[in-house]
Amino acid sequence: MPEGLRIDSPAVADGAAIWRIARDSKVLDLNSSYSYLLWCRDFAATSVVARGADGEPVGFITGYFRPERPDTLLVWQVAVDHAQRGRGLAGALLDGLTAKVTAGRAPITVETTITPGNTASERLFLSYARRHGAAVEQKILFDAGLFPDDGHEPEVLYRIGPVGR
């Protein structure tokens, strides 16, 4: 974790800050502010925030275990406040999240989707796989034609695993 920051579980009171970080990223599909409040309530065990010295969130990862594949953690969103970028925070959050959810359990598979051309996310997840000595599989999960809004790129599924020992 970069100096001066700490990893923590999100609380409902963090929902507004997480929504703002997602909005300000300019690359994430922004969900309603209400959904981030629910996420912090219902999926805090499979999500993390990075807190600055003042305790406010400066980055987050939201995730959940897939109901039909309880050994698969889907990483939903990763975002870091602009002022904290370039410090390795996203990688530290991803490592911290998987350490948190694999404690006392068998290795898991991590899934995420990345749109083509999102090189920052590709680098993040491929370097994560290398650090953990895990294989990576890629395939299109949702073709662009499935999205009702014009211009949405396809979502490529990255399956990384096993991770956690």
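Predicted model: local features only at pLDDT ≥ 70, side-chain atom pairs only at ≥ 80, totals over all residues.
User: Why is leucine 141 called partly exposed?
Analyst: Buried means under 20% relative accessible area and exposed means over 50%. Leucine 141 has 36% relative accessibility, so it counts as partly exposed.

User: What makes Leu141 part of a nonpolar patch?
Analyst: A patch takes residues with over 30% relative accessible area and no salt bridge, and joins nonpolar side chains within 5 Å. Leucine 141, at 36%, is therefore over that cut-off. Leu141, Phe142 and Leu146 form the patch, with about 290 Å² of accessible area together. Leucine 141 itself lies in strand β6, residues 135–142.

User: How do you know that β6 and β7 pair?
Analyst: Pairing requires at least two bridges between two strands. β6 and β7 (residues 155–163) are joined by 7 bridges, so they count as paired, and they run antiparallel. In one of these bridges, lysine 139 has leucine 157 of β7 as its partner.

User: What makes β1 and β6 the edges of the sheet?
Analyst: The open sheet has 7 strands in the order β1-β2-β3-β4-β5-β7-β6, with mixed pairing. β1 and β6 each have a single partner strand, so one side of each is left without a neighbour in the sheet. On average, neighbouring strands of this sheet are turned by 25° against each other, direction ignored.

User: How do you know that β2 pairs with both β1 and β3?
Analyst: The cut-off is at least two bridges. β2 has 3 bridges to β1 (residues 6–8) and 4 to β3 (residues 57–66), and the pairing is antiparallel with β1 and with β3. Alanine 50 of β2 is the bridge partner of isoleucine 7 and stands opposite glycine 59 in β3. The hairpin of β2 and β3 has 5 residues between the strands, and glycine 55 in this hairpin takes a positive phi near 90°.

User: Why are both faces of β2 called covered?
Analyst: Val48 and Ala50 lie on one side of β2 (residues 48–51), Val49 and Arg51 on the other, and all are buried. Each is therefore under 20% relative accessible area.

User: What makes α3 mostly covered?
Analyst: In α3, 10 of the 14 residues are buried. Among them are Leu89, Leu93, Leu97 and Val101.

User: How do you know that the span of α3 is close to the expected one?
Analyst: Helix α3, residues 89–102, reaches 20 Å from its first C-alpha to its last, and the expected value at 1.5 Å a residue is 20 Å. Just after α3, glycine 104 takes a positive phi of about 75°.

Note on methods:
Residues numbered from 1 in each chain as written. Heavy atoms only, no water. Helix = DSSP H or I, 4+ residues; strand = E, 2+ residues; numbered from the N terminus. Expected span 1.5 Å × (residues − 1). Buried < 20%, exposed > 50% of the residue type's maximum accessible area, 1.4 Å probe, protein only. Patch = residues over 30% accessible without salt bridge, like charges linked within 9 Å, V, L, I, M, F, W, Y side chains within 5 Å. Areas by Shrake-Rupley, 256 points an atom, 1.4 Å probe, with all protein chains shown as cover. Salt bridge = Lys/Arg side-chain N within 4 Å of Asp/Glu carboxyl O. Axes fitted to C-alpha atoms, helices over the stretch in contact; angles between N-to-C directions.
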